[in-house]
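Colleague: I would like to learn how to read helix packing and charged pairs in a model such as this one. Could we take the two topics in turn?

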Amino acid sequence: GLALPDSKTIFLMSSSSETLTHELIHAATVQQVFAYYSGGKVQKDVPATIQRIEALMADFLKIDPTSIKNDDVLKDFLHVRDMLNEMNERTNGSRAINKTQALNEFMAWTLANQGLSDIARKNDAGPLGRMVQAVMDALRKLFWRAGLAPSAGKDIYSNLRFNTLLLMQP
């Protein structure tokens, strides 16, 4: 698929729910992420949120591929790992665009692909990727009604989901 946030258009090359979810994540987050990396104006909580997502991506990239027993999931993991490493190491083009693409692909792939989501659920987030409980409680009260907010948990997946939802807030 392809998301064009400026024109608020998504092109789906597949009718799968994974593709739709992947592209919706791009559409809902790419402008905030690009604004952060390009030095543009962002909401006050965006820098800390993106820094936590960067830490979660680093945790994800450290996962030992030999721990993945399903061949299809391993193939997706290796593809995403290699793609993210390539994007992060690119020296041509805009650094802001490269960093935006890498972080956005990490969010979209990990949250939309069931196999990658399962891997992220089975691996703990490091301390930089997790939120301090008091900060999380304050943000939950600010953005969601009591009882309806997602939990940040201790694993990569739940912390990524929580922080991605923070980026999606208007």
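This is a predicted model: local features need pLDDT of at least 70, side-chain atom pairs count only at pLDDT 80 or more; totals for chains, interfaces and linings use all residues.

Colleague: What describes two packed helices?

Modeller: The general idea is that the angle between the axes and the distance between them together describe two packed helices. In this structure, the pair to look at is helix α2, residues 46-61, and helix α3, residues 71-89, whose axes come within 11 Å of each other and cross at roughly 130 degrees. That angle makes α2 oblique to α3, since only angles over 145 degrees would count as roughly antiparallel.

Colleague: Is the crossing of α2 and α3 left-handed or right-handed?

Modeller: The crossing in which α2 passes α3 is left-handed.

Colleague: Which residues of α2 and α3 meet, and how do they divide by class?

Modeller: From α2 the contact takes Met57, Phe60 and Leu61, and these meet Phe77, Val80, Arg81, Leu84, Asn85 and Asn88 of α3. Sorted by class, the residues of this contact are six nonpolar, two polar and one charged.

Colleague: Turning to charge, why can side chains pair, and how many salt bridges does a search of the whole structure find?

Modeller: Side chains of opposite charge can pair when their charged atoms come close. Here, a search of the whole structure finds three salt bridges. One of them joins Arg81, which we met in the contact between the helices, to the side chain of Asp82, with an N to O distance of 3.4 Å.

Colleague: Are Arg81 and Asp82 buried, partly exposed or exposed?

Modeller: Arg81 has a relative accessible area of 22%, so that it counts as partly exposed, given that buried would require a value under 20%. Asp82, at 43%, is likewise partly exposed.

Colleague: Where are the other salt bridges, and how accessible are their residues?

Modeller: Another salt bridge brings together the side chains of Arg90 and Glu86, with 3.1 Å from N to O; Arg90 is partly exposed at a relative accessible area of 27%, and Glu86 is partly exposed at 41%. A further salt bridge links Asp118 with Arg121, whose closest N and O atoms are 3.2 Å apart. Asp118 and Arg121 lie three residues apart in helix α5, residues 114-121, and are therefore separated by about one helical turn. In this pair, too, Asp118 is partly exposed, with a relative accessible area of 30%, and Arg121 is partly exposed at 40% relative accessibility.

Methods. Residues are numbered from 1 along each chain as its sequence is written. Side-chain values use heavy atoms; hydrogens and water are left out. Axes are lines fitted to C-alpha atoms, for helices over the stretch in contact, and angles run from 0 to 180 degrees between N-to-C directions. Helices (H or I, at least four residues) and strands (E, at least two) are DSSP runs, numbered from the N terminus. Angles under 35 degrees count as roughly parallel, over 145 as roughly antiparallel, 65 to 115 as roughly perpendicular and the rest as oblique. A crossing is left-handed if the near helix is turned anticlockwise from the far one by less than a right angle, and right-handed if clockwise. Contact means heavy atoms within 4.5 Å. Ala, Val, Leu, Ile, Met, Phe, Trp, Tyr, Cys and Pro count as nonpolar, Asp, Glu, Lys and Arg as charged, and the others, Gly among them, as polar. A salt bridge is a side-chain nitrogen of Lys or Arg within 4 Å of a carboxyl oxygen of Asp or Glu. Buried means under 20% relative accessible area, exposed over 50%, partly exposed in between (1.4 Å probe, protein chains only).
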